[in-house]
Each structure stands twice: as structure tokens, then as C-alpha cells.
Amino acid sequence: MRHAGSRLSKLVCLAVFVAGCFLLRSPFGEVAAQQSQSVNFERDIRPLLHARCVECHGPEKQKAGLRLDIKAGAIKAPIIIPGKSADSELIRRVSSTDPAERMPSKGAPLSPREIALLRAWIDSGAMWPETDKPSGSEAKRAEKTNWWSLQPLANVEPPTPKNLPADWPSYLNAAPIDRFIFAKLAERGLKPNPPADRRSLIRRVTYDLTGLPPSPEEVEAFVNDADPQAYEKLVDRLLASPRYGEQWGRHWLDVVRFGESKGYEQNHIINNLWPYRDYVIRSFNEDKAFNRFIVEQLAGDVIGRGNPAIEVGTAFLVCGPYDSVGNQDAVQQQIIRANTLDDLVAATSNTFLGLTVNCARCHHHKFDPIPTEDYYRLRAAFEGVTHGERVLASDDQQKAFAEKAGPLEKRRAELTREKDALEKSIAARALQLAAQHGAYPLPAVTRHFNEHRFAPVSARYLKFKALGNSDRPQSGRNARIDEFEAWTATQNVALASYGTKAEGATSARAEDAGAATYGVDLVNDGKFGERWFVGNPPELTLTFPQTETIERIVFSQDRTAAPDNPGVGIGPFVTEYQVLISTDGKQWRLVADSRDRKPFNEAHTVARFSPEVTSEAEKRNLESLNKELAQLNQQLSVIPPLPMVWAGKFDQPKETTYVHKGGDPQRRGADVVPASLAVLDQVTKPYVLGADAPDAERRLSLANWIVSDENPLTARVLANRVWHYHFGVGIVDTPSDFGYLGGRPTHPELLDWLARRLQQHGWRLKPLHREILLSQTYRQSSDAREDAAKLDASARLLWRFPARRLSAEEIRDSILAVTGKLDLNMGGPGFRLYRYLQDNVATYWPLDQHGPETYRRAVYHQNARASLSDGLTDFDLPDSAYSAPSRTSTTSPLQALTLLNHRFTLEMSDALAERAKREAPADQAAQVRRVFALAFQRQPTAEEQQAALKLIASHGWRAFCRALLNANELLYLN
């Protein structure tokens with residue numbers, strides 16, 4: 001099927017900006033309007049409301065007077081307006097991007113699928129049974145003894161349906177997969193589509209396995225290959241391509257919430273997590289047994305100690321969001337730690353088991369037979385895991401490093417001990433001398449307010465030297481000052497509004513605001529809050545508009561905070577200083593000194609009095625020690641360090657795991673030990689470890705239990721994920737939730753058959769891919785049929801191949817590929833489509849200009865959480881703050897505008913034109929044909945070629961190539 005959106009008559013409109021809407025129109029519109037699935041209230045809506053809304057809007061609590069567990073409380077304007085989801089306040093709240101408005105207010109936002117269910121339910125009339133079933137114990141839930149996903153894998157044989165119509169595909173030659181699909185279709189009175197044409201098929205399977213378009217030459221070779229095994233050869237070639245690992249590795253990175261920044265408030269970039277991405281791609285390309293792959297991600301440091309290629313797998317545990325801000329409060333520390341481990345529990349149970357074990361953190365799971373003890377049994381496996389980087393090097397690498405650095409580090413340690421002993425002796429004497437000092441005229445410096453008076457003095461210039469800060473007694477660099485005042489008897493003459501000029505170096509700049517946000521001009525703007533970051537040299541110079549009589553100075557770091565506010569996270573403040581004045585800016589006179597103040601703390605006391613108690617011999621000795629230490633540090637700095645990777649750190653747990661009642665670490669429940677989940681103890685051999693079990697044993701035991709062939713969930717979940725990425729939706733449409741709130745399998749026997757086949761293939765994916773790809777089900781056309789759509793609008797039963805739009809990465813990679821600009825170098829640190837700026841928090845600014853250094857495959861983009869990347873975010877690249885087991889595919893004007901007008905598209909349009917002229921120099925018509933072949937893998941019709949030549953004559957090559965890069969025929973697969 002060819003969509004009119006690719007016709008050149010329409011492309012002319014694109015070139016003159018009228019057809020940005022092309023992107024907004026699905027090329028499969030005749031079926032898209034029928035895509036809404038029927039929503040079952042008891043199956044889809046009631047469990048969702050109970051799980052995510054009733055805690056705050058139920059029988060026990062009705063925030064804002066709203067109750068969502070009964071019809072009378074929910075179905076009323078403006079909350080839920082039947083037939084009008086767009087006008088319903090519930091939809092506005094759950095889909096809001098404003099944290100202050102978004103509901104639910106606690107926990108993760110609703111998934112796109114959950115929001116879509118609510119929309120569909122409301123638009124279909126918001127049907128709610130007249131007899132309400134109360135929330136709580138009477139709500140439906142899965143039972144361990146009979147829930148489908150918790151049962152052993154069935155040994156099933158493909159069915160043999162009888163009395164099929166004569167016009168069906170040959171059933172006798174059907175593969176096992178097809179027999180399962182055909183049997184279900186026959187039950188519903190449906191039949192499959194005929195085979196897709198070869199041009200569509202090579203495009204489909206090439207994108208499916210590699211994420212890239214086939215070249216025109218590859219298409220023509222396949223279309224004209226008379227070998228009956230041509231398609232089999234094509235599949236084998238694509239599975240052997242290194243591009244396969246990049247495409248399917250990207251799928252896995254979605255599932256495991258891989259993101260290269262920490263998230264939360266600071267969201268600092270992580271620059272050494274990319275080895276895990278490369279490990280994933282390599283594992284897929286090698287067709288590593290997936291049970292081994294899983295074990296490596298949970299316990300790679302145990303089974304592959306000394307082998308960085310295996311140990312790096314444990315980055316799975318720490319590649320999710322991590323709260324690095326810290327907190328001084330012990331209770332908050334426990335909560336932060338509990339949240340950190342909750343991420344590991346959720347990632348492990350969702351990814352490998354398809355269970356939402358994390359929903360049992362506060363109480364027994366409301367819908368699945370998962371007791372809260374199961375949650376803490378699983379958590380116990382991860383008690384020894386902390387986020388961070390560690391050395392990943394082979395034994396040979398570590399030995400070579402030790403041979404070079406060992407002697408130097410040994411000598412440095414000796415000198416450091418000698419220096420420490422000498423400084424300790426000096427410090428003791430300095431403290432003794434300080435104890436003899438009388439009372440100080442002024443108190444110690446605080447971060448809130450400091451005033452220093454002195455005899456009135458005439459000055460045109462004033463210099464404030466920062467000699468020490470609260471972190472470093474002997475250096476004022478990097479201190480913060482929010483306001484500095486110089487007073488006459490009546491007014492502050494330091495203000496910029498008075499005409500005074502402030503000068504001083506800045507140690508940091510927040511360029512995200514487009515200016516020196518931490519610059520010296522902040523010290524005399526008369527405002528508090530924003531601070532100057534003191535640079536080098538650490539001194540502030542004020543130039544008054546005329547000579548003034550100055551008698552005091554005032555300075556602070558956090559003027560508006562309460563006196564007892566510790567100021568955590570806002571940096572050090574000036575503690576040691578001198579105030580100098582001048583009338584000509586050349587000759588300076590000291591008028592005030594921090595030595596009049598009580599020292600800030602003991603370290604400052606030692607620093608202030610040490611010079612008075614240090615002998616000349618000790619000074620020479622310290623000078624000699626410092627000189628040799630500097631030389632050793634320089635020699636060590638030129639030795640290449642061992643690789644450090646953000647792959648987690650592991651230690652023996654210090655405390656016994658216990659149940660947190662209500663999820664509160666302060667409410668201690670029963671102790672638990674590392675053990676398998678009781679929910680599966682009837683089908684999978686359980687394990688139980690002691691409370692003092694080593695960290696390594698905990699994680700390895702869990703991993704081995706997860707990958708046991710007896711465990712029915714792991715193979716089912718994995719087989720379903722493979723099916724999901726081939727057909728756009730899994731046999732179970734909630735790939736990470738096989739519980740009661742998840743979807744039900746459309747073909748449960750087929751799912752178990754695929755899981756068994758996966759195990760029979762030694763847990764290797766490529767043989768399973770091959771079986772799926774060679775099936776008639778996969779190879780059928782995507783043509784829409786009105787009769788079939790009436791029975792199965794969403795094609796869940798696969799009477800047609802489901803058409804889809806390319807993913808964000810596929811769109812960008814395709815544009816680079818067809819223009820000849822794609823850089824296929826694999827691995828290593830990623831590129832960025834944003835500008836990264838870091839202060840206490842990180843800022844990510846999308847780049848307008850995408851240079852050649854960004855022309856790699858999008859899987860190598862350094863995706864940071866909560867960042868925007870033009871061309872990727874617009875096309876639904878998920879935020880890695882959460883796992884994305886399935887991606888949404890939205891349609892928005894911003895997509896059309898970005899793809900049409902972004903500088904990247906314009907430059908790629910020029911590159912496509914240049915490539916066509918280079919590869920088809922004969923004449924313009926041949927160049928048009930070459931552009932069509934590159935972009936659409938076909939030749940233009942006579943009408944299209946004529947329209948293209950006319951467009952080029954009127955608007956130039958850029959307009960023509962720009963139109964094709966925006967066409968649906970490039971952006972969609974059928």
C-alpha cells in the first residue's frame with residue numbers, strides 16, 4: 001500500500017510550508033480511526049482507580065471532597081464527563097506535566113497506557129455498573145493457585161484447525177507460530193492477509209532488526225533474487241549485522257531505565273556509564289544466552305570477577321535515578337536509602353519477572369498474591385549495593401598499574417605520614433598558644449551576618465581579601481557572598497545604584513541564564529539570595545564614585561536565612577579576610593582584619609596560630625616534604641588510571657532487613673532474610689539464606705532463581721518482549737506487568753510455546769527471532785480490510801501486520817543514512833544534542849546546531865534524564881526516569897514543525913541533494929530517481945518525477961529533499 005502523503009503533488013505544498021500537517025496524518029488512517037479498543041470497567045478501570053486513586057479519594061479519605069471508588073462520587077462534572085475526556089478534570093490532572101497539578105501526587109505518574117484507558121473509557125460513555133463493589137478486601141485480585149502467569153509453562157502443540165476456507169494460506173505448510181495465529185483467527189471468523197510485497201518486506205525486516213533503512217541496492221537485489229531462500233538469507237544476514245545489537249540493545253536500555261544522569265534535583269551527568277550500553281549491544285550481537293545475560297546484570301562481579309566485560313553488567317543495578325543530594329537528618333537518610341533500594345526491587349521484578357513487587361512495599365499487594373514480606377525478601381538481596389563508580393580492570397591491567405604506581409604510592413604514603421605527624425605536633429602547640437589568647441573583640445564569622453567596624457577613613461577604593469573559607473582555612477577561593485556593604489555614618493555607599501563599581505574574579509558561571517549569574521555584580525545589587533562565587537585572586541574591589549569616609553563593612557552569604565539554618569548545599573563562606581582602602585588605587589592600607597574575630601573552628605584556630613609556633617627547621621622540613629609530594633603527585637598523574645565505571649559498589653550489609661510497616665523505615669516490622677518470592681514457591685524451587693549471608697551470595701542466588709527453567713515468568717516475559725518489538729504489541733500488552741492489573745494474553749498457548757522454544761534454543765534470541773520472522777504471520781501485508789477491522793480494529797489477533805511509525809532514533813538515523821552522513825563507528829562515550837551546564841544542579845540546553853560529531857546512531861546519544869533533545873524528544877523518546885517497556889506514539893504539531901524547520905533537517909536536505917548529484921551525475925531526472933530510491937527504496941512514478949522536477953525548478957533542491965525527508969512514506973513502516 002502506498003500512501004498519498006508521499007506523492008510529489010503534496011510535496012510541493014510541503015516545500016512552501018503548507019504541508020507541515022503531512023506528518024500529522026497517519027498513512028494508515030482508514031484503520032487508525034478504529035484503533036480504540038473496547039475498555040472493560042471491571043478489568044481495566046476499577047483496578048486502576050483502586051491502585052492509583054483510592055488511597056486519597058476513597059472511603060477512608062476524600063481529598064478535595066473527591067471520591068473515586070463509587071459511581072456517585074466520580075461520575076459528575078467537571079471530574080468525569082461521560083463522552084468528553086478532553087473536558088474531564090480527571091484527564092487534565094493525570095496528564096498534566098506540572099508536578100503541582102499532576103495526579104496522583106505520590107508515586108510515578110500514570111503510564112501513557114493507563115491514561116489512554118481512562119480516555120477511552122470516558123469517551124465511550126464512562127460506563128460504571130449500577131451496583132458498586134467496595135474497594136478493599138472485596139476487590140478482585142489474582143490468586144497464586146490459579147493466576148495464569150504464575151502457573152508452570154505448558155507443553156503445548158500447535159493446533160490444527162479444521163474446515164478452513166479455500167482462500168486461506170496453505171495451512172499444511174504453516175509454521176507452528178502460524179498455526180496458533182490462524183486457529184485464533186478462524187475462531188473469530190477472520191483470515192490473514194496475503195503476503196507483503198518484497199519491497200515492503202525488506203524494508204520492514206531491515207528496520208525491525210537494525211533500525212535502519214535498506215540501501216536501494218539491497219532492495220533491488222532482494223526484489224530480483226529468484227532464490228526460494230532469498231528471504232531466509234536476508235534474515236540471516238541482518239541477524240549477523242552489528243546493527244542488530246544497536247537496535248535490540250536500545251530496546252533493552254528502554255526496559256532497564258538506562259539514563260546517563262542521576263535524576264532528582266541535581267541531575268548531574270554520569271560520564272562513565274556508557275560501558276554498560278556497549279556491553280548490552282555486544283551481548284545482543286554475540287547472541288549471549290539470555291539466562292547468562294540476566295545473571296551477569298545481577299551478579300557479574302561474582303561470576304566474572306577480574307573480567308571487565310562481564311563485571312560491567314552490574315551497572316544494570318545502578319543505571320536508574322539516584323538521589324545524590326544527601327541529607328543530614330538520620331530519618332531522611334533512611335527514607336532516601338529505602339527509595340534507592342525500591343528502584344532496584346522494581347527494576348529487577350518488572351524487568352525479569354513481569355511482577356510489580358514494588359507495589360508490596362507498604363502493604364500486601366492489592367491485586368497480586370505478593371505479600372509485603374516478598375518485597376523485603378527481594379530487597380534483602382540488594383542491601384549491599386550502593387550507587388557509584390568502581391575500578392573495572394583485568395588482573396593484568398591491575399598488575400601493570402600496581403607495578404608503575406605502587407612504589408610511588410608507597411613513597412607518597414610514607415611522606416604523608418611524616419608530614420601528618422609534623423603538622424599534628426605543630427597543631428597541638430598552636431592550640432596551646434590559642435588557649436592563652438584573651439577574648440576576641442568580635443565573634444566568629446557566620447554565614448548570615450557579619451559587621452566589622454573600624455576608625456573612619458577616607459577611601460575612593462576598598463579591597464576585601466578573602467583569605468580563608470569555611471571549608472578551607474587558608475584559601476578564600478570558591479566562597480560565596482550574597483551582599484557586601486561599605487558604610488559611611490549614614491548610608492551604604494557600596495551599592496551599584498549609588499554608582500559604585502564592583503570588580504572581582506568569579507569561580508563559576510551559570511551560563512544557562514545567558515550571563516555570569518554568579519558574577520561579582522551580585523555583591524552590591526542590594527538583593528539577597530543570589531551569590532558571587534569568589535574566584536582567583538579571591539578579592540573584591542569597590543570603586544566609589546567619589547572619596548567617601550568609610551567606618552564599617554557588612555557581608556554575608558545567606559542574609560535572609562534563619563540564624564540556625566546550616567545552609568546545606570549552598571557552599572562555603574568567607575571566614576578569614578582583610579579590608580584595605582586606598583585613595584588612588586595604588587597605595588593600600590589595612591584597616592580591618594579577621595584576626596580580631598574568634599576563629600571559626602579548630603582548623604581555623606590551628607591555621608591562624610601555626611606560623612607563630614613553627615620553627616625555621618620545621619618550616620624547611622615542611623617545604624621539603626611538600627616539594628617531594630608535589631613531584632610524586634606529578635609522576636602519578638601521568639600514569640593512565642585504571643578504568644572507573646558507574647557499575648555500583650558492593651559491601652556486606654551491616655543490618656538485618658526488616659519489614660517497614662506502611663513503607664516507613666521508622667516502623668519496624670518482622671525481620672526477613674534473603675529468599676525467593678513465596679508467590680512462586682509452588683512452581684519454582686525456593687531458596688532461603690541466612691541473615692548474615694554474604695552480599696555476593698544474595699545476588700547470585702536471586703539471579704539463579706530468576707533464570708531457573710522452572711521459573712515460568714522469566715521465559716514468558718522475555719518471549720513476550722521479543723514478540724512485542726516485532727509486532728508493536730506483545731501477546732500480553734503490558735510487557736512488564738503479568739499481574740492482575742496487566743493485560744491478558746491474546747494467545748496464551750503461543751506464549752508458552754515461545755517460552756519453551758526460547759529455553760530449547762539455550763535462551764538465545766536469534767533462533768527465536770528467526771522463527772518469528774519466517775512465519776507467514778510476520779510476512780503478511782499490512783493492508784487494512786474493513787470487514788476484519790470491524791471484528792478486530794487493533795489487529796491484536798494479527799489478521800494483518802501492524803503498521804507503525806518509526807521510533808525517534810529510527811527517524812534520526814534514517815535521515816542520516818539516506819543523506820550519506822551516518823557515522824557507523826560503534827561504542828565509546830556518547831555524543832550530546834544538548835549543552836550541559838553544571839552548578840549545584842545540572843541544566844541541559846538543546847542544541848540548535850547538530851555538528852558532524854553528532855552524526856552517530858542515536859543509541860550512542862548520552863540520554864540524560866529530564867533533558868530535551870530536538871528531533872528525539874519530539875518523537876516520543878522516553879524519559880529514562882522510568883522504565884519504558886513500551887513506547888507511546890503521539891502525533892503533535894511540534895513534530896511536523898521540528899522535522900520541517902529544524903536546522904538539522906535543512907542541512908540534511910542539502911546533504912541529500914549533494915549525494916544525489918554525486919551518485920547520479922548524468923541528469924536531473926536521474927538525480928530525482930536517486931533521491932526517491934534512497935528515501936523510499938523505490939523509483940518515482942512518472943507523475944511524481946514530473947512534479948519533482950517542477951518543484952526543483954521553482955524552489956530548488958533543498959525544498960525537494962526537505963519534502964521527502966518529511967514524507968510519511970519515509971516515516972512509516974507497513
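Reader: What is the bridge partner of glutamine 838 in S17?

Author: This model is predicted: local features need pLDDT of at least 70, side-chain atom pairs count only at pLDDT 80 or more, and totals for chains, interfaces and linings use all residues. Residues are numbered from 1 along each chain as its sequence is written, and side-chain values use heavy atoms, leaving out hydrogens and water. Strands S16 (residues 834-838) and S17 (residues 842-846) run antiparallel and are joined by 5 bridges, where strands are DSSP E runs of at least two residues and pairing takes at least two bridges. In S17, glutamine 838 is bridged to alanine 842.

Reader: How many residues of H8 are buried?

Author: Helix H8 covers residues 198-210, a helix being a DSSP run of H or I of at least four residues. Its buried residues (under 20% relative accessible area, 1.4 Å probe, protein chains only) include Arg203, Arg204 and Asp208. H8 is largely enclosed by the rest of the structure, because the buried count, out of 13, is 11.

Reader: How far apart in sequence are the parts tied together by arginine 250 and glutamate 809?

Author: Arginine 250 and glutamate 809 form a salt bridge with closest N and O atoms 3.8 Å apart, the cut-off being a Lys or Arg side-chain nitrogen within 4 Å of an Asp or Glu carboxyl oxygen. Arginine 250 lies in H11 (residues 242-255) and glutamate 809 in H27 (residues 808-818), so the separation of the parts they tie together, in residues, is 559.

Reader: Which helix holds glutamate 628?

Author: Glutamate 628 meets arginine 411 in a salt bridge of 3.0 Å, N to O. The pair links distant parts of the chain, with arginine 411 in H18 and glutamate 628 in H20.

Terms used: Expected span 1.5 Å × (residues − 1). Buried < 20%, exposed > 50% of the residue type's maximum accessible area, 1.4 Å probe, protein only.
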